[in-house]
Amino acid sequence: MTALHRWWDRLSRERSVAPLGQSRWLMPPAALAVHLSIGQVYAFSVFKLPLVERFGTSETAIAVVFSIAIVMLGLSAAFGGTWMERNGPRRAMVVAAACWSSGFLVAALGIALGQLWLVHLGYGVIGGIGLGIGYISPVSTLLKWFPDRPGLATGLAIMGFGGGALVAAPVSNRLLALHGANGGDGLVATFVTLAAVYLVLIAFGAATIRVPAPGWTPPGRTPPVPAAAVTPAASATMPAAAAPAAAVDDRTAAEAMRTRQFWLLWLVLFCNVSAGIGILEQAAPMVQDFFAHVSPETAAGYVGVLALANMAGRFGWSSASDAIGRRRVYVVYLGVGALAFLAAASLGTSSLPVFVLATAVAISFYGGGFATVPAYLRDLFGSTQVGAIHGRLLTAWSAAGVAGPLVVNVLTDARRAAGVTGAAAYRPSLLLMVGLLLVGLVANLAVRPLPDRRPLPDPRPLEPAVPA
């Protein structure tokens with residue numbers, strides 16, 4: 001066996017099992033290291049104008065790089081989820097580190113050579129594969145470490161993805177200023193620097209992450225028992241606090257995709273993401289069109305507010321779902337979110353604070369929806385293949401990442417072509433988002449728990465053996 005094979009073997013799932021007594025609170029920093037790195041994709045707009053100048057092309061041509069990355073995120077998560085569950089999070093994180101960092105390097109080569117297709121290939125395709133594999137591996141692992149608080153677990157992981165842009169945007173701007181963005185040399189140096197930094201950060205996550213031993217439960221928590229093992233008569237005599245937690249009947253990814261619950265959640269995620277990402281993609285120009293006195297610097301500050309709302313929603317709302325339930329918290333995301341978009345469309349023009357508050361609340365639900373859906377899937381389908389199931393559900397993100405910005409841009413451009421300017425150009429888009437969220441609300445209300453397929457225990461007492 002070569003040294004490379006021995007190293008790869010040490011990253012296997014079987015050799016990633018945590019030793020007895022290892023604290024589960026060592027796992028969230030590993031997840032955050034990965035998600036803070038790949039969360040840079042939300043700061044891609046920092047490179048937009050420098051790339052336009054370097055290649056002498058349109059903003060739309062550069063925006064395609066971002067769209068490819070989001071599409072590849074969903075596709076690689078869908079196809080790589082089962083592989084990740086089989087091979088473990090450490091191998092998955094190593095693959096994510098290799099793809100994400102090499103994507104920056106290939107893109108840097110494209111910038112140096114003046115070949116835009118290499119930027120599409122590097123950052124979009126190769127980097128997008130790293131995004132998908134890196135996104136699902138920490139989430140699945142933390143769900144196994146925090147079975148008692150799955151909303152908190154997914155919030156801890158996915159919060160980093162929302163917050164990655166808060167770190168990446170100023171760092172990228174500083175690197176561009178340091179190296180100089182003109183002529184492409186500064187872009188090349190910036191991309192190479194980021195490739196090295198993200199390789200180290202994700203490698204730290206891969207070295208730190210572990211999976212719990214089979215049968216492990218958090219200290220002080222009673223292991224769940226099959227729901228069928230608790231008879232109605234027995235549960236009726238138990239105090240509510242003493243009643244044993246019911247285990248979920250685990251489904252494979254293939255089995256989950258054959259249920260209506262999976263596709264209802266796919267529709268829920270698609271509607272929630274389409275509404276949020278359509279606004280995020282247009283945030284800066286939109287606030288300036290709504291309020292003529294808003295400067296570019298203030299618009300950039302507004303984008304930062306939305307990023308904070310996105311990050312806070314990922315942690316706060318997903319943690320709240322542990323207390324109020326996943327289905328109920330999605331009623332808040334979709335129902336109150338629809339009201340927030342309606343307020344932005346009808347009342348936002350009268351007051352900048354009202355507009356900022358309404359859109360920030362809506363974006364917090366956008367982030368919360370991302371962070372809560374893995375726990376929702378775990379509640380329905382169990383934790384055995386939750387990473388694979390989550391990966392396949394993320395194809396809704398790929399579809400929404402194209403549909404949301406496309407719809408907003410097409411409607412807004414059509415209004416401007418008709419001579420409509422200012423806030424009125426965006427009003428149809430905002431009202432369409434209200435309709436999308438209401439469709440998602442109806443789909444969420446239709447989700448019901450899956451029936452337990454396991455046989456009931458034999459209620460007859462054991463008979464003593466008959467003497468021979």
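User: How do the axes of helix 14 and helix 18 cross, and within what distance do they come?

Analyst: In this predicted model, the axis of helix 14 (residues 326–346) comes within 9 Å of the axis of helix 18 (residues 427–445), and the two cross at roughly 165°.

User: How do I read that angle: are helix 14 and helix 18 roughly parallel or roughly antiparallel?

Analyst: The general idea is that angles over 145 degrees count as roughly antiparallel. Therefore helix 14 is roughly antiparallel to helix 18. Their crossing is also left-handed.

User: Which residues meet where helix 14 and helix 18 touch?

Analyst: From helix 14, the residues in contact include Arg 327, Tyr 330, Leu 334, Phe 341 and Ala 345. On the helix 18 side, Arg 427, Leu 430, Met 433, Asn 444 and Leu 445 are among them. Sorted by class, the residues of this contact are 16 nonpolar, four polar and two charged.

User: Which helix gives the most to the lining of the largest pocket?

Analyst: That is helix 13, with eight residues. Several helices each supply at least two lining residues, including helix 3 (48–55), helix 7 (150–179), helix 11 (260–280) and helix 17 (395–417).

User: And how does the lining of the largest pocket divide by class?

Analyst: You will find 30 nonpolar, 11 polar and four charged residues in the lining of the largest pocket.

Technical notes: Residues numbered from 1 in each chain as written. Predicted model: local features only at pLDDT ≥ 70, side-chain atom pairs only at ≥ 80, totals over all residues. Heavy atoms only, no water. Helix = DSSP H or I, 4+ residues; strand = E, 2+ residues; numbered from the N terminus. Nonpolar A, V, L, I, M, F, W, Y, C, P; charged D, E, K, R; others polar. Axes fitted to C-alpha atoms, helices over the stretch in contact; angles between N-to-C directions. Parallel < 35°, antiparallel > 145°, perpendicular 65-115°, else oblique. Left-handed = near helix turned anticlockwise from the far one by under 90°. Contact = heavy atoms within 4.5 Å.
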